[in-house]
Amino acid sequence: MELKHLEYFVTCVRAGSFTKAADILYINQSSISRAIQTLEEEWETTLFLRSKRGAFLTIEGQEYYNKVEQILLDLDGLGGNNNPINNQYVTFASFPSNFLSSVYAHFCMKHKEEKIIFRHLSRSTSEILRLLSEHLADVGFIYSSEAQQGKLSRILQKENLTYIPLCNALPCLYIGKDAYHNHSGKWTVEDVKKQSFFKTHYDFKETYHDLSNTIAHYSLEKKLAQAMVVDDGYGIFQFLNHSDYCYLGHFWLDRDQTIITNPGNKTVYTQYIVLDSYDGPITLGYVIRKDQPLSPYVLDFIHTIPSCLHGNFFI
């Protein structure tokens, strides 16, 4: 038996299933199962009753859980700040975003000396909502269009979640460096239609759904269907820096509803055109559980976003 086996056991009890425990601990479910099996063999008892609804402690399992929890608390007191058991986890989930990744990096540096383990998960909107409803994330950041409000409201109500908007956005064409230098004069609708595009894996489920009317106005359906695919925000910037491809995304506005300007970042090429929107308002906001108060760290992260938006430009 190892100390980590006790940690796995306690996490399974608190999560209510081996699958959720594996997600929380970032390990395979098979590792959880082997650890529990090891404990059951050494203690010569059955700790859990398994069913389709989850894992539930037996009477003997509850007795062992009480003892193990006390053991870990005692070790916590002995180990001080260097004891990994004493670490607190805070998990943020968001759609793939260079901006939020940058905010997350600065946030982690701010709390570098504190006894906290932060995790940032990039997921689709539906996956973010699932993580929150299953208590696998503390807060989720999503964007929502006017057309999505009805569907989103129904899901939030069903899962006992709530959505708080932070700022507005407009559709934006990010222009590859070569395409920008090869073009002279003002960009027109016809110029936009002629461009080659790339996209991320999430764009068809997320961005393009929010911008369906705008896409139709610029006749970009076929172009976007045949677009090259990159994996994340880093890939987006590499394409913009080294090609004539364009990217259709969002352009965030600050709380005063004014367009954010680029302060002159020399390491990343970010030429863009803000397009007219034909899909109504689009908002960036966060989703939380109604029944769970936010930790000071989550509140601090949320409050960091508006200040980072002002005067800075990110996808």
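# Exercises on a predicted chain

The mean pLDDT of the chain is 78, and 82% of its residues reach 70 or more; pLDDT is the predictor's confidence in each residue, from 0 to 100. This is a predicted model, in which local features need pLDDT of at least 70 and side-chain atom pairs count only at pLDDT 80 or more, while totals for chains, interfaces and linings use all residues. Residues are numbered from 1 along each chain as its sequence is written, and side-chain values use heavy atoms, with hydrogens and water left out.

## Exercise 1: the chain as a whole

Task: state how many helices and strands the chain has, and what share of its residues is buried.

Solution. Begin with the secondary structure: the chain has 14 helices and 11 strands. Helices (H or I, at least four residues) and strands (E, at least two) are DSSP runs, numbered from the N terminus. Next comes burial: of the 315 residues in the chain, 46% are buried. Buried means under 20% relative accessible area, exposed over 50%, and partly exposed in between (1.4 Å probe, protein chains only). Last come the contacts (heavy atoms within 4.5 Å). Of those in the chain with a separation of 6 or more, 77% join residues 24 or more positions apart.

## Exercise 2: α1 against α2

Task: describe how helix α1 (residues 3-15) and α2 cross.

Solution. Take the angle to begin with: the two axes come within 8 Å and cross at roughly 120 degrees. Axes are lines fitted to C-alpha atoms, for helices over the stretch in contact, and angles run from 0 to 180 degrees between N-to-C directions. Then classify: α1 and α2 are therefore oblique to each other. Angles under 35 degrees count as roughly parallel, over 145 as roughly antiparallel, 65 to 115 as roughly perpendicular and the rest as oblique. The crossing of α1 and α2 is right-handed, a term used if the near helix is turned clockwise from the far one by less than a right angle, with left-handed for anticlockwise. Tyr8, Thr11, Cys12 and Ala15 of α1 meet Phe18, Lys20, Ala21, Ile24 and Leu25 of α2.

## Exercise 3: α2 against α3

Task: describe how helix α2 (residues 18-25) and helix α3 (residues 29-43) cross.

Solution. Their axes come within 8 Å, at a crossing angle of roughly 115 degrees. α2 and α3 are therefore roughly perpendicular to each other. This crossing of α2 and α3 is right-handed. On α2 the contact uses Phe18, Thr19, Ala21, Ala22 and Leu25, and on α3 Gln29, Ile32, Ser33 and Ile36.

## Exercise 4: two loop residues

Task: locate Glu44 and Ser219, and give the phi of Glu44 and of Ser219.

Solution. Glu44 sits in the loop between α3 and β1 (48-51). Though not a glycine, Glu44 has a positive phi of about 55 degrees. At 72% relative accessibility, Glu44 is exposed. Ser219 belongs to the loop between α11 (212-217) and α12 (221-225). The phi of Ser219, also not a glycine, is positive and near 55 degrees. Ser219 is partly exposed, at 40% relative accessibility.
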